[in-house]
Amino acid sequence: MVAVRFYAVEMSLPCLCPCPSSPISLSLCSPRFNLLNTTSRRLGLSRNCRTLRISCSSSSTVTDQTQQSSFNDAELKLIDALIGIQGRGKSASPKQLNDVESAVKVLEGLEGIQNPTDSDLIEGRWRLMFTTRPGTASPIQRTFTGVDVFTVFQDVYLKATNDPRVSNIVKFSDFIGELKVEAVASIKDGKRVLFRFDRAAFDLKFLPFKVPYPVPFRLLGDEAKGWLDTTYLSPSGNLRISRGNKGTTFVLQKETMPRQKLLATISQDKGVAEAIDEFLASNSNSAEDNYELLEGSWQMIWSSQMYTDSWIENAANGLMGRQIIEKDGRIKFEVNIIPAFRFSMKGKFIKSESSTYDLKMDDAAIIGGAFGYPVDITNNIELKILYTDEKMRISRGFDNIIFVHIREI
């Protein structure tokens, strides 16, 4: 029997500004993306919790013009580069990192807000969307910010208070609470903020008091100090790029666009159906909607239902893995079963009406290395595309199940 381990993450002090800490172990297990549990009966696998997480970003194809107008083309290019990156950069491929780095450099070369630390636009709560992790970054930053199920914020209040502060917040959930790490801050020049961490506490919903975080900041000396440069602040005040004293780059946002909100909700696996309904309602243009089935490899990140009776039926119905859309009306479902083995099912599609396709899947096999083992199974599916752009697709497929796919790079 092959055992598949539960995934565990190490919860530590959040580090939008580099800082030391003592890690706290925390195991996470979300049922939504437990895609391979259904293989246990057929392949002898123990139950597991495989979690597919994504980072959130946005698209220039959003129809809400009010939202779109707050980002210029160069900013949208950076936001689009973040689509499909898991763990706020932790699991990014070399190509994804290169695309983000290129977009960041373009923005840093443009004229954003001059002297951003003197601008009121830097004040407020910023959501962390992406961060690099060079070798000099703290182990806290490398582990904690890569957990998508938690939301990471940075509060910046430099001018509107007699106690200037930069605070890092990790929100566990609306029901659990948050960890807040605060630093006293001062402006050095038009770009740089100096900070010194001095207090931290858990604010948990189920306790009537705050729990101090066990870090002796006063004893850490220079280790509790650092600086943060803002290298780009958008004229709208909704996008910020910062670089820390340990060489880390941060991308943060105030305003999130509809697609970002949806992907964030999917990452947290709560209220997804409602978020999809809201997204579709805000992006509906029935007079023009005639979506095409775009070519490429599309990874399923969420479905409204997951069957567990037979993994092979789930795979044949597109309930697992990825869809590969090819030229000339060819389509393939592909599911990784265990290392070196995958399920593949090929077929064809034709467009039957507006945004609707008929799929005939009739060539299935289990593939191991260079060998294939045919599986006698066929399937006919009607696929209705509810929304698509270059990065994300929402569709209705087998048994009226709603799917969300992202396009792989």
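This is a predicted model: local features need pLDDT of at least 70, side-chain atom pairs count only at pLDDT 80 or more; totals for chains, interfaces and linings use all residues.
Biologist: Where is serine 234, and which residues is it in contact with?

Modeller: Serine 234 is in the loop between strand 9 (225-233) and strand 10 (239-244). Beyond its neighbours within four places in sequence, it is in contact with Glu75, Ile113, Leu121 and Leu239.

Biologist: What makes helix 7 roughly antiparallel to helix 8?

Modeller: Helix 7 (residues 258-268) and helix 8 (residues 272-282) pack at an angle of about 170 degrees, and their axes are 9 Å apart. Angles over 145 degrees count as roughly antiparallel, so helix 7 is roughly antiparallel to helix 8. The crossing is left-handed.

Biologist: Which residues meet there?

Modeller: From helix 7 come Pro258, Arg259, Leu262, Thr265 and Ile266. Helix 8 brings Val272, Ala275, Ile276, Phe279 and Ser282. By class, this contact has 7 nonpolar, 2 polar and 1 charged residues.

Biologist: What does isoleucine 276 touch?

Modeller: Setting aside residues up to four places away in sequence, isoleucine 276 touches Leu262, Trp302, Ile394, Ile402 and Val404. Ile276 is also among the residues with the most contacts inside the largest nonpolar core, as are Phe343, Leu359 and Ile394. That core has 42 residues. Apart from it lies another core, of 27 residues, including Leu179, Ala185, Phe195 and Phe217.

Technical notes: Residues are numbered from 1 along each chain as its sequence is written. Side-chain values use heavy atoms; hydrogens and water are left out. A nonpolar core is a set of buried Ala, Val, Leu, Ile, Met, Phe, Trp, Tyr and Cys residues joined through side-chain atoms within 4.5 Å. Buried means under 20% relative accessible area, exposed over 50%, partly exposed in between (1.4 Å probe, protein chains only). Contact means heavy atoms within 4.5 Å. Helices (H or I, at least four residues) and strands (E, at least two) are DSSP runs, numbered from the N terminus. Axes are lines fitted to C-alpha atoms, for helices over the stretch in contact, and angles run from 0 to 180 degrees between N-to-C directions. Angles under 35 degrees count as roughly parallel, over 145 as roughly antiparallel, 65 to 115 as roughly perpendicular and the rest as oblique. A crossing is left-handed if the near helix is turned anticlockwise from the far one by less than a right angle, and right-handed if clockwise. Ala, Val, Leu, Ile, Met, Phe, Trp, Tyr, Cys and Pro count as nonpolar, Asp, Glu, Lys and Arg as charged, and the others, Gly among them, as polar.
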